[in-house]
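Please view the sequence and structure below before reading on.

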Amino acid sequence: MSDCSCPGEELCRHQLAVFFAAYSKEASVSDWLAEWREPVRETKSVASWGLQAAKDLVKAAGLMKPDYDRWVQSFESSFDTLVASKKHTNPYVVSELFGIHMKRVGASAPVEKEWRLLYELVASIVSFRKLLALSEELGFEEHVVRKAYGHCFENLLEDSADLVERLVVQTMPFAFDEFIERLRDESFEVLTCVAGYEIERVYMHRQLWTELFRKKEWRQEEALRIGSRLKALGESENPLPFSAAMIHLYFLLGNDDLALKLAGGVSDVRFVPYMVYWIDYFTGAKLWRRAEPVIEMFLGKLKEYLDWIGSYQSCSAFVRSVMRSIAPYCSENGRVELYERALLVSLPYSFADYEYLLFERGDYDRWGELQAFVGFDYYELPKDRVKVVEKERPEVLLGMLHQTAQREIDQKNRSSYRAAVRHLKKLRTLYKKLKRVDDWEYFIEGLLERTKRLRAFHEECQRSKLI
């Protein structure tokens, strides 16, 4: 947490020298360095071994002809040999080996373009499932996994979305039917294979059922299947990913009443981010009537979710994404009041957007109330905005000037008294402009009476000719 006056960026040699000097009084610096370097050595040695093993696997497998069972067996064998064969103590090794596994899988893909797309999709989903299971087996904390090889999950999700998009725009041969049906079971395995990583599991399941598995009867069967799994959950198991997946399927089936009923019954505050996807889904398709009840329900749950997050930066980032999702609906349907309600619910994280909206609309009274709510002092307000408000609605500034001056007086030191006097002189100017001189005189007399023991404050008032 220290800093240095030298021009070096981040940790400089001086900071490191201080650290090692301090550490040497407690333990061996050389031992510390050896321990620090070990993960890098391990990663390099394991990656070298993985490349050699991958070459042997490619030679043995050759190019893969269309056979679903053989494909899955090959993917699982490659993953088990390259990624899961060693019990890793360093999570960063997993990223290196997983990259080698995916390259090896790609080297054995069919030559035909349409089969290659399907092959790569199945490989991504099977590898995604295997990586989830390995992460749980190794026992790493989720935040450690996200830092060390979370990008592997993100890449698989992005690759799967791209492959699905390319598959559905082409005419799929009848030979694909068996593979697509088998892939349905694989998608269910993704949802149920582990207890953690809920967001990733739901995301993968959702994108497959939104774009690839479009048959009504399939979606009905999957919803019932997930419902049965939900009922069979133990007390320690988290029902949220199953609820989110099932609700999504009912939205896809057009059964919004049932979907909203199920969503309303979910009490877990972590459910709220899943609702943003449905808002984006409906607004993207311009299904305004279907978007409205989801937005209304979402706003009813938003405040509780923001309180649960706690972190100001995380809340601000989430609110920004939420406002981008809601804006198209409000704009297309003239629902300015709904947009404003979303800003109100999101305060103080939506302050910048709400302040801009009120000012541009010319609602200076509420603009002033917002500034006071957030706790800004008069001198913290943007000067260009103050000039406009002073010209259009000067009375809006009175309350803020009163509060700021009183806060300065309460600090009871000479410099704060000088600042208070500057604000009081501004107050006097505004009262005269509003032709409320009697109100000013009544206020200043009362203030001087209340502060008669603050001799220094009275001296500053006399020096500035306020009295």
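The protein has 22 helices and zero strands; helices (H or I, at least four residues) and strands (E, at least two) are DSSP runs, numbered from the N terminus. The model is predicted: local features need pLDDT of at least 70, side-chain atom pairs count only at pLDDT 80 or more, and totals for chains, interfaces and linings use all residues. Residues are numbered from 1 along each chain as its sequence is written, and side-chain values use heavy atoms, leaving out hydrogens and water.

**Overall form**
- The radius of gyration is 32 Å, whereas a compact globule of 467 residues would have one near 23 Å (taken over C-alpha atoms; the globule rule is 2.2 Å times the number of residues to the power 0.38).
- The C-alpha trace spans about 95 × 70 × 45 Å along its principal axes.
- Of the 467 residues, 46% are buried (under 20% relative accessible area; exposed is over 50%, partly exposed in between; 1.4 Å probe, protein chains only).

**Salt bridges**
- The structure holds 32 salt bridges (a side-chain nitrogen of Lys or Arg within 4 Å of a carboxyl oxygen of Asp or Glu).
- Asp80 and Lys130 form one at 2.9 Å, N to O, linking helix H3 to helix H5 across 50 residues.
- Lys130 is buried at 16% relative accessibility, while Asp80 is partly exposed at 35%.
- Arg184 pairs with Glu221, with the closest N and O atoms 2.9 Å apart; Arg184 lies in helix H7 and Glu221 in helix H9, so the pair ties together parts 37 residues apart in sequence.
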